[in-house]
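Me: Let's go through this model together, strands to begin with and then the core and the cavities. Please spell out the cut-offs as we go.

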Amino acid sequence: MAGGDGQAYGVRHAMSERLVDVAIIGFGPAGATLANLLGQTGLSVVVLEKEAAIYPLPRAIHFDGEVMRIFQSIGLRREVEGISRAGLKGMHFVNAEGETLLIRGGTTATGPHGCASNYYFHQPELEQVLREGVGRFANVRVCLQHNVLDIQQHPDHACLQVEDTQSNRTYDIKARYVVGCDGARSLVRKILGSSMQDLGLHQAWLVFDARLKDNAPPLPDHTVQHCDPARPMTYCNVTGNRRRWEIMLLPDDDPADMVKPDTLWSLVQRWVQPETAEIERAAIYTFHSVIAQGWRAGRLMLAGDAAHQTPPFLGQGMCAALRDASNLAWKLHAVLTGVANDDLLDTYESERAPHVQAFIELAVRLGDIIQTTDPEAAQARDAKFRQGQPEIFQFPAPVLGDGMVAEGPAPVGQTFPQPQLDNGQLLDEVIGNHFAVIALPELLQQVSLQTRAQWQQWQVVSQPAQDLGLRAWLDQHHVQAVVVRPDRYILGMANTSAQLDALSQQWFHSA
């Protein structure tokens, strides 16, 4: 791994003279995951990060089973499991009287992605795992303390003006494509001129991270949304002795006062005190719900917070960013290797924007439950939930928008599960990061020679559905074949070899 580490300017200058396939701006979770995904493909990649080191304090703390599957796809599942905690008991929404109104279900068993449904983690530890993963690939160069000043597009490349802030030198890097994983204040989004669609939530919250001492009292081992109109709060059991409280600011609160230690301890005094915990971090954030209009223009693309921001009530901010990376990586590879036309990249926003918007809108609706501060409205809310047992809210499965997805109802456009096969392997371990056709063996034998040639060009894996889990899925959905994309989303389904041929001819044509 290189850059910002005292290497000679001549080496950097030599890098600037050649054309790289992809330049990634930003080395947070989204940029690092994309770098791992592209690194596996053999494409030449440069990552440009303005900071010198990983930010050492907590930020994101949750990801879901689909994201663990992405980590599996880059060969880092075991490492990520080593620094994360499976959230098996879900999230409980509790009113001021201590009544449970709603439970967002967790799982004590393996979920549909071949792992738990939810995980908690400490972001600096995750970023370290991802950066060490990038270090496996000689075709990926990381330049720390490098600030991108400007980007100019040309017919066959983009030219990035880059400042090495360690040496105070400025030079150019040429890349065939540029992905801005550069956060909410994205330079790439500014250059694209993309506006932000406001989905309606802007609320200031105090985020207070603490580390428990050995004498700390017992605390809940699951996440609790305290839906108390007097002071809405969220409590999270993160990992080890780390705990987080998110505390909604009320109109009369002074933000400067809210982050003072005396105020912090008074807000959480029913749980911990200075004798039983220590402050790790306290900061005021405004939770936003916005999505960019225009994720791509020519050779420039947005991903992660540069493209969308979601309130944390579903824990989906980083998850959405890593789904962006997973969607975009295989498309960049297909285009850069000449398998697909450049217009495949237009399906990135058309698929991802509706998907992420569905999650943001759901998070906003959950936020409405939590953020109720009117006592009468809270009473009406509680009465509605009291009509029966606490509702178990299962995680939704939005579908992709229009793109490289066949017409048809769900599960087309949703993720395909990862069962354990009869030989003990997980499905993704067998099919790898490729398209896969999972079908009854006799159907696979009946497809045309043209289809077989198209599959070979796209490196499609033919997986006979001989295993119990795969046969059960096909039977459940009354189909004989399913086409799964490298990002594990379902492209389409078929019941005959003719339908499978037609599906292949529609989507796996030559560039």
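**Strands, core and cavities**

Me: Which residue in β15 is the bridge partner of Met233?

Reply: The bridge partner of Met233 in β15 is Ile247. This is a predicted model, in which local features need pLDDT of at least 70 and side-chain atom pairs count only at pLDDT 80 or more, while totals for chains, interfaces and linings use all residues. Residues are numbered from 1 along each chain as its sequence is written, and side-chain values use heavy atoms, with hydrogens and water left out.

Me: How many bridges join β14 to β15, and in which sense do they run?

Reply: Strand β14 (residues 233–237) runs antiparallel to β15, with five bridges between them; strands here are DSSP runs of E with at least two residues, helices are runs of H or I with at least four, and both are numbered from the N terminus. Two strands pair if DSSP finds at least two bridges between them. The hairpin of β14 and β15 has four residues between the strands, and Gly240 there takes a positive phi near 55 degrees. Strand β12 (residues 195–212) is also antiparallel to β15, joined by seven bridges, and Arg211 has Arg242 as its bridge partner in β15.

Me: Is β15 mostly covered or mostly open?

Reply: Strand β15 (residues 242–248) is mostly covered, as seven of its seven residues are buried, where buried means under 20% relative accessible area, exposed over 50% and partly exposed in between, with a 1.4 Å probe and protein chains only. In a regular strand, side chains alternate between the two faces of the sheet. In β15, Arg242, Arg244, Glu246 and Met248 point one way and Arg243, Trp245 and Ile247 the other, and all are buried.

Me: Switching topic: which residues have the most contacts inside the largest nonpolar core?

Reply: Those are Phe63, Phe71, Leu160 and Leu332, in a core of 123 residues; a nonpolar core is a set of buried Ala, Val, Leu, Ile, Met, Phe, Trp, Tyr and Cys residues joined through side-chain atoms within 4.5 Å. Its largest share, 13 residues, comes from helix α9 (residues 317–336). A second, separate core has 20 residues, including Met233 and Ile247.

Me: And what does Phe71 touch?

Reply: Leaving aside residues up to four places away in sequence, Phe71 touches Thr33, Phe63, Leu76, Arg77, Val80, Leu126, Leu130 and Leu322, where contact means heavy atoms within 4.5 Å.

Me: How many cavities of 30 Å³ or more are there?

Reply: There are two. On a 1 Å grid over the protein atoms alone, a cavity is a set of points where a 1.4 Å probe fits but cannot get out, and lining residues have an atom within 4 Å of a point. Grid points are joined across faces, edges and corners, and the volume is the space filled by probe spheres set on the points. The largest cavity holds about 60 Å³, and among its lining residues are His62, Arg104, Gly105 and Tyr120.

Me: Which residues line the second largest cavity?

Reply: Arg323, Asn327, Arg352, Leu400, Asp487 and Tyr489 line the second largest cavity, which holds about 30 Å³.

Me: Last one: where is Leu88 found?

Reply: Leu88 is in the loop between β4 (84–86) and β5 (91–95), and it is partly exposed because its relative accessible area is 37%. The C-alpha atoms of Leu88 and Gly105 are 8.3 Å apart, with the two residues 17 residues apart along the chain.

Definitions and conventions. 1 Å grid on protein atoms, 1.4 Å probe; cavity = no way out; pocket = protein on both sides within 12 Å on 5 of 7 lines; lining within 4 Å.
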